[in-house]
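Notebook open, model loaded. I'm jotting down what I look up as I go.

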Amino acid sequence: MRIGVLSLFVALFFAAASANAQSCNPAAVSYIVRDEHGSVVGGEELKTLQQQIPKVIGNADTAVGEVSLAGDGVTFYRPESANWEKGNKLPTLEFANAKTCTLNLPAVDLTYHGKKMHLVFNISIDRYQPDRRPVIDSLPFAEGTFVLDLTSSPRGEDKLMPATLWKKSKT
């Protein structure tokens, strides 16, 4: 009986230790920025935009990254996918949290060519939801406040959220 209790104790100890060592994929939002004419902003211009915003927004670190879109322009490939290299790469602003594996992205202010665009994302990602890395397209850059309407989002995994989800705020 003593060996059984000792075995149970050892098993519980290792189970607890392995639970603390678990990791998860970061929660991330990739945002495709478009200029006034609808062309994707990339290169140094995107880096300049990223440097103008806080390094952390909500609980998300900000960076410049890229997404890989399939030929249909709607499906995206995750970086760990074997198809990543096949996709059309687009530069993005990245908002990610790998520390807690959750993400709270309230709003972002972007200034481009003297215009200020206030984007209300109101995105929360918990550590267990399946769509942890949404890719969001943008409207052509315009002055004003825009709110992301997630109620009509095609919440499927690996599908681009279209720019039509952005609604101009009346306030």
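Where is Q52 found? I find Q52 in helix 2, residues 43-52. Helices here are DSSP runs of H or I with at least four residues, strands are runs of E with at least two, and both are numbered from the N terminus.

**Ground rules.** I note that this is a predicted model, where local features need pLDDT of at least 70, side-chain atom pairs count only at pLDDT 80 or more, and totals for chains, interfaces and linings use all residues. Residues are numbered from 1 along each chain as its sequence is written, and side-chain values use heavy atoms, with hydrogens and water left out.

**Q52, continued.** Q52 is partly exposed, with a relative accessible area of 47%. My cut-offs: buried is under 20% relative accessible area, exposed is over 50%, and partly exposed lies in between, with a 1.4 Å probe and protein chains only. I also checked Q52 against T111: they are 59 residues apart in sequence, yet 7.9 Å apart in space, C-alpha to C-alpha.

**Whole chain.** I count 2 helices and 10 strands in the protein chain. Reading along the sequence, I get α-β-α-β-β-β-β-β-β-β-β-β. There are 171 residues, and 36% of them count as buried. For contacts (heavy atoms within 4.5 Å), I looked at pairs with a separation of 6 or more: residues 24 or more positions apart account for 66% of them. The chain exposes about 9,700 Å², with carbon and sulfur atoms supplying 59% of that. The areas come from the Shrake-Rupley method with a 1.4 Å probe, and for residues only the protein chains shown count as cover.

**Largest pocket.** Rolling a probe the size of a water molecule over the atoms shows where empty space is left. The largest pocket holds about 220 Å³ of space. A pocket is an open set of points on a 1 Å grid over the protein atoms alone, where a 1.4 Å probe fits, with protein on both sides within 12 Å along at least five of seven lines; lining residues have an atom within 4 Å of a point. The volume is the space filled by probe spheres set on the points, which are joined across faces, edges and corners.

Which residues lie nearest the centre of the largest pocket? I get S30, E66, P79, E94 and R133, out of 14 lining residues. Strand 1 (27-31), strand 3 (60-69), strand 4 (76-77) and strand 5 (88-97) each supply at least two lining residues. Strand 3 gives the most, with 3 residues. By class, the lining has 9 nonpolar, 2 polar and 3 charged residues. Here Ala, Val, Leu, Ile, Met, Phe, Trp, Tyr, Cys and Pro count as nonpolar, Asp, Glu, Lys and Arg as charged, and the others, Gly among them, as polar.

**D61.** I find D61 in strand 3, partly exposed at a relative accessible area of 31%. Leaving aside neighbours within four places in sequence, D61 is in contact with K55, V56, E94, F95, A96 and K99. The side chains of D61 and K99 are joined by a polar contact of 2.9 Å. A polar contact is a pair of N or O atoms within 3.5 Å; within protein, one must be able to donate a hydrogen and the other to accept it, and residues adjacent in sequence count only if both atoms are side-chain atoms.

**N97.** Is N97 buried or exposed? N97, in strand 5, counts as buried at 3% relative accessibility. A polar atom of the N97 side chain lies 3.0 Å from the backbone oxygen of N59, and one lies 2.8 Å from the backbone nitrogen of K99. Setting aside neighbours within four places, N97 is in contact with P26, A27, N59, T102 and L103.

**Q129.** I place Q129 in the loop between strand 7 and strand 8 (135-136). Q129 counts as buried at 16% relative accessibility, and its side chain makes a polar contact of 3.2 Å with the side chain of D131.

**Phi check.** Most residues other than glycine have a negative phi. C101 is not a glycine, but its phi is positive at about 65 degrees. C101 sits in the loop between strand 5 and strand 6 (103-112) and is buried, at 5% relative accessible area. N122, also not a glycine, has a positive phi of about 45 degrees. N122 lies in strand 7, residues 115-125, and counts as exposed at 54%.
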